Amino acid sequence: MRITLITIAAVVFIVTCIASCIHKPQLTVASSDSNFPADVAKILVDKCAIDGCHNSASYQNSRGLLLDTWDHLFDGSVGGAAVVPYSPAFSPLLYFVNTDSSRGPVARPLMPESRTSMPATPLSETEYNTLRTWIAAGAPDKNGNVPFASNPFARQKIYVTQQGCDLLAVIDAESNVVMRYIPIGMNASSIESPHSIRMSSDGRFAYVSFLAGTYIQKIDTRLDTVVASMQVGAGSWNILHLAPADTALIASDWTANGKLVFGNTASMELQPWKTASGSGLFVYPHGITSTAKFDTCFITAQYGNMIYRYAHNIPNYKKVSINGKPPIATSNSDLSSPNPHEIIMSPDYNKVFITCQGTNEVRVLDAHTNAVLDSIPTGAFPQEMAVSLTKPYLFVTCSEDAANTTPGRKGSVYVINYNTHEIVAKIYGDFYQPHAIAIDDINSRFYVVSTNANPLGPPPHHATACGGRAGWYSVYDLNRLQPVNTRQYQLTVMPYAAVQRFRQ
């Protein structure tokens, strides 16, 4: 696995748990029913799950990390996953037991923590390597069962691109913790910035585009591994859109003289005869949606007051104003213009919703006539949108909303009734520059991902295998529109786009 610019704050909180315990002079002996392999149990149970620290009586005061059994370890802590199977470089547990920076990140205070009341010695090199080797092998239990490996065909998951590194985080929807990190990208010498991610309707494959890559990658969501790449050439590949039947995809090249490329998802081959580009045809094209038949697509022009309506089978090309003024697309950000960012269809394909980051609103257009139907005010800098299929809710992340007055927090999520256009709720939660949002209709939850890219945001809690600033995600109840818990699930550098596997 390649390690570059990454910050795993996810990693951080979790492991801080190990640091916040209070040692007492009584040790807990590794029990035979901990379900850890014997050599791992001797370390985690004997030296960590002790009185005053990570045992059943004390773990709530140790940031919620319980280490008395294998199963409890993978519940994580208030900061998310402590161990990510197959990913020792991104498992924060290892940071706090490491004494040698040449073998990986070192975090303080060192664990086991030595105190006057209970002297402790650091883990030996052999003990550290025992844990690292175990995690690299998938962190199996004593019977060889790997965490989160069961039910691969139907497991509900959420996938989040890590734009500051070449990773894809996989979140288990039952436990809410990161269950895997998938290495993505093809250039081992540089960061290619995975940006957009889309999921096939059957949950079988996910597709990822890269800002600094020349291809789109296809991920098998049963194996959680890259299975194919489609060469699309040089560009700043921002947004992907899948055909409703999952047979084809479109990608936008976010440049001043941008283009659209079309590809076959089965063969992962580019369809060059459909590529639309050149002569300023598309100026900074960004968000993409389409009709149910996939014969016409709608693309936002990032700077200006318009979207493109492009019937690629004819082809037929039209500039559509979203504010009643002559349609203009520019190469400069003018905050007096709507500057449409993202675009999404209503579930019935009759309306188009557009986030306007310049004017802090969501514009609503008739998908058939292009008529502007409404303008819905939002918080500052609206970005991504997601739709629930069990409730008439459109969710909008507002990355720079200063109305979130909690110290160290910025941003909001607006919940809009997509039928009536009424604002159902304004959520000011544990966010800092929220961007991605994913809806889990099956478990009645939604996930809000904070990029935390601004240096004024909460600082990373410790250095990791990569540089940069860590982001996180928060989990909300879809029925109550309230957090399901107080946890801040840490991720790596600039988590950006999210998608759920399976929808009801």
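A disulfide is a pair of cysteine sulfur atoms within 2.5 Å. The views below come from a predicted model, in which local features need pLDDT of at least 70, side-chain atom pairs count only at pLDDT 80 or more, and totals for chains, interfaces and linings use all residues. Residues are numbered from 1 along each chain as its sequence is written, and side-chain values use heavy atoms, with hydrogens and water left out.

**View 1. Cysteines C48 and C398.** The whole structure holds zero disulfides. C48 forms none because its sulfur lies 6.7 Å from the closest cysteine sulfur, that of C53, which is too far for a bond. For C398 the closest cysteine sulfur belongs to C356, at 12 Å, again too far for a bond.

**View 2. L73 in the largest nonpolar core.** A nonpolar core is a set of buried Ala, Val, Leu, Ile, Met, Phe, Trp, Tyr and Cys residues joined through side-chain atoms within 4.5 Å. The largest has 69 residues, and L73 is among those that touch the most other members, as are F36, L44 and W134. Leaving out residues up to four places away in sequence, L73 touches F36, L44, L65, L66, L67, A82, V83 and W134 (contact means heavy atoms within 4.5 Å). Another core lies apart, with 19 residues including A248 and F294.

**View 3. Residues 1-30.** Over this stretch pLDDT stays under 50; pLDDT is the predictor's confidence in each residue, from 0 to 100. Where pLDDT is low, the predicted coordinates should not be read in detail. The protein chain averages a pLDDT of 90.

Definitions and conventions:
Buried < 20%, exposed > 50% of the residue type's maximum accessible area, 1.4 Å probe, protein only.
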